[in-house]
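This report covers strand pairing and packing in the structure shown below.

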Amino acid sequence: MLRALAVDDERPSLGELLYLLDADPRIGKVEGAGDATEALRRITRALESGPDGPEAIDVVFLDIQMPGLDGLELARLLTGFASPPLVVFVTAHEDFAVRAFDLKAVDYVLKPVRRERLAEAVRRAHELRAARIPVHEPEPDSIAVDLGGVRRLVQVEDITHVEAQGDYARLHTSGGSHLVRVPLSTLEERWQSHGFVRIHRRHLVALRHIDELRLAAGTVSVLVGHVELQVSRRHARELRDLLMRRGAA
């Protein structure tokens, strides 16, 4: 939901705007500021705290004619920030519309504010903010390797286990192995969704390729094809639990 800041130097107008915004289900949090200077301070703090910070602001509903710094001047200042909040102008004057949209305003709402008209402005801001949020792309199902001077793709599902070799990692498949310049920790994070688990500081294993879990003399190991890999004490319990849940223990 949107986190909003309403800015108006007239208390009745600010109170009404806050009431209408708070009633909109797409607004998660709304606060008010009595002038543009106060609003600028809040927006600056919000940007410093980051997009997920407690003071984050997604959209500013901004009056134009205010004493001191006015709404247009504030909007112009915001264009200089790297990731400024969206701006919706809320004003009693039609004369500034062209200048407002030149400043990339989301909408221009005239006073007295009608609930339906404000809801349309909120809808536009909501859609634009959603478009700004990066969509998490699924991790690729293959990885590029060099084979005899030729760049080829190895399917992740064919990789049985991965071995750390300094800043490199060796990918093991039933048909051989390939060295890639990617740290093991990066592959661990990237391929978690593909069923890879850390069993040792030097090894990742694909759960689906584990043929046997071995317990002997207080040590734990797994059999992956014809290769036996040691499991560190740190990872043994988690691995056993994962295998039991998969019905593979």
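## Strands β4 and β5

In this predicted model, strand β4 (residues 86-91) runs parallel to β5, and 4 bridges join the two. Within this pair, Val-90 stands opposite Val-109 in β5.

Helix α3 (residues 71-78) packs on the sheet, where it touches β3 (59-62) and β4. The direction of α3 makes about 175° with that of β4.

## The five-stranded sheet

β4 and β5 belong to an open sheet of 5 strands with parallel pairing, in the order β2-β1-β3-β4-β5. The edges are formed by β2 (27-33) and β5 (107-110); each has a single partner strand, so one side of each is left without a neighbour in the sheet. From one strand to the next, the twist averages 20°.

## The annotated span

An unreviewed UniProt entry lists residues 3-126 as "domain: Response regulatory". In the model, this span is 42% helix and 21% strand, and its end C-alpha atoms lie 10 Å apart.

## Strand β12 and its partners

Strand β12 (residues 203-206) pairs with β8 (residues 159-165) in the antiparallel sense over 3 bridges. Here Val-162 stands opposite Leu-204 in β12. Strand β11 (residues 196-200) is also antiparallel to β12, with 4 bridges joining them, and a hairpin connects β11 to β12 through 2 residues. Phe-196 stands opposite Ala-206 in β12.

In a regular strand, side chains alternate between the two faces of the sheet. Both faces of β12 are covered: His-203 and Val-205 are buried on one side, and Leu-204 and Ala-206 are buried on the other.

Terms used: Residues are numbered from 1 along each chain as its sequence is written. This is a predicted model: local features need pLDDT of at least 70, side-chain atom pairs count only at pLDDT 80 or more; totals for chains, interfaces and linings use all residues. Side-chain values use heavy atoms; hydrogens and water are left out. UniProt positions are given in the numbering used here, feature names are shortened, and annotations may be inferred rather than shown by experiment. Buried means under 20% relative accessible area, exposed over 50%, partly exposed in between (1.4 Å probe, protein chains only). Two strands pair if DSSP finds at least two bridges between them. Axes are lines fitted to C-alpha atoms, for helices over the stretch in contact, and angles run from 0 to 180 degrees between N-to-C directions. Contact means heavy atoms within 4.5 Å.
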